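The following paragraphs lead through a single protein model, from individual residues to the fold as a whole. Please keep the sequence and the coordinates at hand while reading.

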Amino acid sequence: MGIVELILIAVGLSMDAFAVSICKGLSVGKPRPQHVLITGAYFGGFQALMPLLGYLLGVQFQTLIQSFDHWVAFVLLALIGGNMIREARGGAESCTTSFGPRTMLPLAVATSIDALAVGVTFAFLEVSILPAVVLIGCTTFVISALGVRLGSLLGARYQTRAEFFGGVILILIGLKILLEHLGVLPF
């Protein structure tokens with residue numbers, strides 16, 4: 001997997017966190033720098049942790065499903081992307097003004113569950129995991145921090161578009177992986 005695909009995956013995974021970050025920015029009206037940093041740290045940290053955990057899990061099963069791992073990668077990314085698109089079409093959710101651990105921890109876990117499955121896919125594709133999780137975590141940190149700022153400035157209209165866009169990216173990457181392994185596209 002090349003750097004371009006990895007960047008696209010990082011951006012795609014961060015779209016759930018971006019959507020929630022916009023909501024957090026809306027909830028406080030005028031966010032302080034600590035709101036931006038807290039949001040970026042929670043979402044970026046969990047988006048880095050979850051693929052690492054998924055990778056460690058996936059390595060355990062890699063030899064068992066090596067002959068059809070490209071199908072697993074495609075199905076996982078398509079399901080994650082499809083779910084993001086479905087959630088985007090469901091409308092905006094309400095958001096609390098709290099930035100404390102009792103609020104941020106569940107949000108960070110909820111927005112990064114899909115990254116766990118991507119980590120499993122990384123194990124099957126033999127992706128170098130440390131640079132991948134650093135890139136995903138940093139990308140999500142920056143995008144989430146921007147989301148808080150944008151939420152306070154622009155409003156809710158971009159929240160669902162972000163989730164939809166992230167879902168489409170993940171589905172297209174899954175399709176590319178499948179088509180490459182089937183020999184339809186060159187590696």
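A41 is found in helix 2, where helices (H or I, at least four residues) and strands (E, at least two) are DSSP runs numbered from the N terminus. With a relative accessibility of 43%, A41 counts as partly exposed; buried means under 20% relative accessible area, exposed over 50%, and partly exposed in between (1.4 Å probe, protein chains only).

The model is predicted, so local features need pLDDT of at least 70 and side-chain atom pairs count only at pLDDT 80 or more, while totals for chains, interfaces and linings use all residues. Residues are numbered from 1 along each chain as its sequence is written, and side-chain values use heavy atoms, with hydrogens and water left out.

Helix 2, which covers residues 33-61, also contains T39. Is T39 buried or exposed? T39 has a relative accessible area of 0% and is therefore buried. Leaving aside residues up to four places away in sequence, T39 touches S21, F99, M104, S144 and V148, a contact being heavy atoms within 4.5 Å.

The overall architecture can be considered next. The protein has six helices and zero strands, and its pattern along the sequence reads α-α-α-α-α-α. Of its 187 residues, 49% count as buried. Among contacts with a separation of 6 or more, 93% are accounted for by residues 24 or more positions apart. The accessible surface comes to about 9100 Å², and carbon and sulfur atoms contribute 70% of that area; accessible areas come from the Shrake-Rupley method with a 1.4 Å probe, and for residues only the protein chains shown count as cover.

Helix 1 comprises 26 residues, 3-28, and reaches 36 Å from its first C-alpha to its last, close to the 38 Å expected at 1.5 Å a residue. The expected span is 1.5 Å times one less than the number of residues in the helix. At M15, helix 1 bends by about 40°, the bend at a residue being the angle between axes fitted to the seven residues ending there and the seven starting there. Because 20 of its 26 residues are buried, helix 1 is largely enclosed by the rest of the structure. Just after helix 1, G29 takes a positive phi of about 75°.

How many salt bridges does the structure hold? The structure holds one, defined as a side-chain nitrogen of Lys or Arg within 4 Å of a carboxyl oxygen of Asp or Glu. In this salt bridge the side chains of E5 and K176 meet at 2.7 Å, N to O. Since E5 lies in helix 1 and K176 in helix 6 (residues 159-181), the pair ties together parts that are 171 residues apart in sequence. E5 is buried, with a relative accessible area of 17%, whereas K176 is partly exposed at 26% relative accessibility.

Helix 4 has 25 residues, which should span 36 Å at 1.5 Å a residue; its end C-alpha atoms are 34 Å apart, which agrees. A kink of about 40° in helix 4 is centred on S112. Helix 4 is followed by E126, whose phi is positive, near 55°. Most residues other than glycine have a negative phi. E126 is placed in the loop between helix 4 (101-125) and helix 5 and is exposed, with a relative accessible area of 56%.

On the surface, L37, F141, V142, L146, L150, L153 and L154 form a nonpolar patch with about 620 Å² of accessible area together. Patches are made of residues with over 30% relative accessible area and no salt bridge; like charges are joined within 9 Å, and nonpolar side chains (Val, Leu, Ile, Met, Phe, Trp, Tyr) within 5 Å. Helix 5 (residues 129-154) supplies the largest share of this patch, six residues. One of the patch residues, L146, lies in helix 5 and counts as partly exposed, at 46% relative accessibility.

R89 is exposed, with a relative accessible area of 70%. The C-alpha atoms of R89 and R161 are separated by 8.9 Å, and the two residues are 72 residues apart along the chain.
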